[in-house]
Amino acid sequence: MADRDHHLRHRLQRTAESPGLKLSTFKEATLTFLALSALSQPALAAEHEHEASYGRIDWVPRDQLLEEELEELPAGCCGAYVSPYQSDPDASTIEETAIEANADHTSSSGGQTIVLEGNVELRQGVRMLRTQRAELNTETGDLTLDQEVTIREDGLLILADQAKMQRDSGDALIDNAEFVLHESRLHGRAGKLEKFGDRLIRLSDGSFTTCEPDHEFWRMEASEVEIHPDDSYGTAKHARLLIKDVPVFYMPYLAFPIGDERKSGLLFPSFSTSSRNGIEYAQPIYWNIAPQMDATITPRYMEERGTLWDGTVRHMSSYFYTQLSGGFLAGDKGGYDRRAENDIASGEKTPEEAYPHRGKDRWMINLDQTGGKRSRLKTRIDYTDISDADYLRDITSSDIDVSRQSRIGKFGEVSYSGDAWEIGASAEEIRYLNERKQKPYKQLPHLFASGDFRFGDWQLDLDNQFTSFDVTEYYDRATNRLVVGDRFNTDYGLTWDKRWQWGFFRPRVGVKTLSYQLEQADYDPEGREPDEAIYNDSPSLVVPQGSIDMGMFFERFGNLGGTEFIQTLEPRLFYFYSDYEDHSEIYSPLNDSNKYIEFDTKYVTFDYNQLFRTTRFSGYDRIDDANQLSAGLTSRFISPVTGLEHLELSVGQIYRFKAPRVALNPNRQPEEETYAESEFAGRIAARAGDYLQASGDVLYDQHKSEVSNASATIEYADDSDRLVSVTYTYKRNVRELDIDDEVDPALRLDRSRNQLDVGAFIPVSNSWSLIARANYDLTYEQELDTFAGFEYSDCCYRVRLVWRKWLNFDYNDSTVLETVEPDDYDDGIFIDIQLKGLASISERVGSLLGKTILGYDEREQNLR
């Protein structure tokens, strides 16, 4: 930049020293024109005229950019618009700066008109105007510019054939205007530009693009564009999108924002296609209701289903964020399902059974609210309801989502917190989209009050919870063996939390209580009646507990291959005792026929962190009995220069002095819970250099000499945006069926989750990148999800195209991997097109990559 500035300043200095008249009495309004405009494509120049032609609009090829300019250049760009004038941050404002004028010749006519001819240049601060001829009427203030008009402001360049301006009002009329906005990379033309003071800029027959001057992939044209700088929005009439000079989209009226403001009007539509819904067209309509409130209404036509009406309303303030969204499809035409068609053809199902929602109205509603950002009083609502369990599968199938949503919920909470305490109330109901996995209970209400009080090294924690459980309407099985009621549980503890630089010592004594008020659940009168209640309807437990948590920190300096490091050694012991209390009235509530109480409780997955916890359960329907000692050892390797941790290794085990007797299901205590010595739990986290990192967890069952659980992730991400991720998961004897189903253990031995997931995004040039992902189940030798494709990106546009094959089966058809058939797979070709500076036609592929390739979302954020 410095070289170009020096060259241009030297040339301007020679012009200023040429004979002419210096006018310092021009009013500031004379040059207060043109803050923004629009627009059209320059014609492609011949190769030998390239540099001279595009240099006039401040275009600088990539190989001529300075080092600091290259660092700011977006990926894939072959050049940039660079203004040769740099504003001085210490300079006076335009209003405080006098106007200077230079010209080769000056004359006057009748004492009213001043004529400037030959290399005319007018300056005022960051504003500069050049032309070959200028006439100023000193009485009316009219200024006429003729031939080779150039107008510059900070970050703005305008070229024109002629311009007429009014000195006092600031109005202007400019013919054949060409412009560049340097920072936004916007370049275009307008047949006529009208400026009305600082209020309105009107462009006739205008077009604009963000493409390079010699590579115009797209441009937007309009018969009339109006810019409202004060209100930060613009409008376009008869807007046409052209790709490679071919019109592909037309909108009679388009409103668009300037800067960060939002404006009501039609947004850019989206197009897609899928085998289930056919061709889809969605036209979003934006409504800026108020500065803190807006709405988007999207009619979405689906060839195989009909028209879906989507809507979203948002309200944002410093205290609350609220979003209400929903969709409605009247008279669903049913869509297309390959498996359903095969079932109809084979006679296994009738059309009505294969397409149960055909002809029915379908809908969804969601309320998402977070309140109390700056208050002790906080609220949270996440409420979703749908017409049927297949709504998300059918209506959102074209989103090519890889993490199928398995459930929806209705949740609301209000809480108030002090410095060391919190009280609140909540309600929750979960609906599983696989109806076979539906849990029977909802929580309404759930009340809680907790506190964590510190007195020097002493810590007193108090936890109180009251929950009322009832059967959810979504549970469609028999309820004659279920109980409902209220549960009250507490957890009080006193801890001496003593810490030193070399270690810590934390003994704790506490007591847990659990009590119920139970009754038989409502049941189907036409079904089997429940047995008579013969046991206590208000069972309760009181369990004293104690623990000692202690650890030490050792470190040493080392040197490996000339690289210094600090190695730590962190042994930790955790003794936990919890008295045993008889749970028989919880295992057999009210009578011997009822199912054991399981309102919200399940086993916690065992891993290294579980070594130092005081319960094996999530939820509060059980109180552990335990007499055990956990031993863990962690070693870290840390750079003494940067403080970065390059390697962490941890291993540990639980030694049970007595096997626990409390179980979730009294008839099926997990085998691993009965071991005197638990499985070995290990964890590793490593970083090699700045780009490669890995992590993993493993459980090794020494009693069976086999691995129980394992997971590992390797991630590579460098400065060139090369992304590679490898994820492996293994879990032995995965149980897919409901806990009540009786299963022969021999049939479960091979039902293991053993899956490999590899994803990659590899740039192979400045603009081209390869995309690939393979998710494979090694146990059943089945593909789960595979895609491959490419991305092309430059300053003008970005295209992402992938071919994908994925396992796509019904939520409720009980499909498991060992019974997968070809009809359970879908495949397709998907494309995203982003017109940079304008809009994205689709974000389907981008959403897919963000969910499957580690680091891709961070890359996208850095490119913005």
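Modeller: Two strands pair if DSSP finds at least two bridges between them, and the strands themselves, like the helices, are DSSP runs numbered from the N terminus (strands E, at least two residues; helices H or I, at least four). The structure is a predicted model, in which local features need pLDDT of at least 70 and side-chain atom pairs count only at pLDDT 80 or more, while totals for chains, interfaces and linings use all residues. Residues are numbered from 1 along each chain as its sequence is written, and side-chain values use heavy atoms, with hydrogens and water left out.

Colleague: What makes strand β17 (residues 278-282) and strand β19 (residues 293-302) a pair?

Modeller: Three bridges join β17 to β19, and because at least two are required, the two strands count as paired; they run antiparallel. Within this pairing, E280 has M302 of β19 as its bridge partner.

Colleague: Which other strands pair with β19?

Modeller: Strand β18 (residues 285-290) pairs with β19 in the antiparallel sense over four bridges, with Y286 facing T296 as bridge partner, and a hairpin of two residues joins β18 to β19. On to strand β20 (residues 306-316), which pairs with β19 over ten bridges, again in the antiparallel sense; R300 stands opposite L308 there, and three residues lie between β19 and β20 in their hairpin.

Colleague: How do you know that β26 and strand β27 (residues 458-471) pair?

Modeller: The count of 13 antiparallel bridges between β26 and β27 meets the requirement, so they are a pair. H446 stands opposite T467 in β27, and the hairpin between β26 and β27 has two residues, with G456 in the turn at a positive phi of about 70°. Strand β25 (residues 421-432) is joined to β26 by seven bridges, also antiparallel, and E422 stands opposite S450.

Colleague: What is the peptide bond between L444 and P445?

Modeller: The bond joining L444 and P445 is cis, with omega about -5°, and P445 lies in β26, which covers residues 441-455. Most residues other than glycine have a negative phi, and most peptide bonds are trans.

Colleague: Where does D58 lie, and why is D58 called buried?

Modeller: D58 sits in the loop between α2 (50-55) and β1 (59-61). D58 is not a glycine, yet has a positive phi of about 70°.

Colleague: And why is N119 called partly exposed?

Modeller: N119 has 40% relative accessibility and therefore counts as partly exposed. N119, in strand β5 (residues 113-124), also has a positive phi, about 50°, without being a glycine.

Colleague: How many salt bridges does a search of the whole structure find?

Modeller: The search finds 51. E216, R219, E221, R240 and D245 are linked in a network of salt bridges.

Colleague: Which residues have the most contacts inside the largest nonpolar core?

Modeller: They are L145, I174, L203, F217, W218 and Y797, in a core of 46 residues (buried Ala, Val, Leu, Ile, Met, Phe, Trp, Tyr and Cys residues joined through side-chain atoms within 4.5 Å). Another core, of 18 residues, lies apart from the largest one, with L482, V484, L541 and I586 among its members.

Note on methods: Buried means under 20% relative accessible area, exposed over 50%, partly exposed in between (1.4 Å probe, protein chains only). A salt bridge is a side-chain nitrogen of Lys or Arg within 4 Å of a carboxyl oxygen of Asp or Glu.
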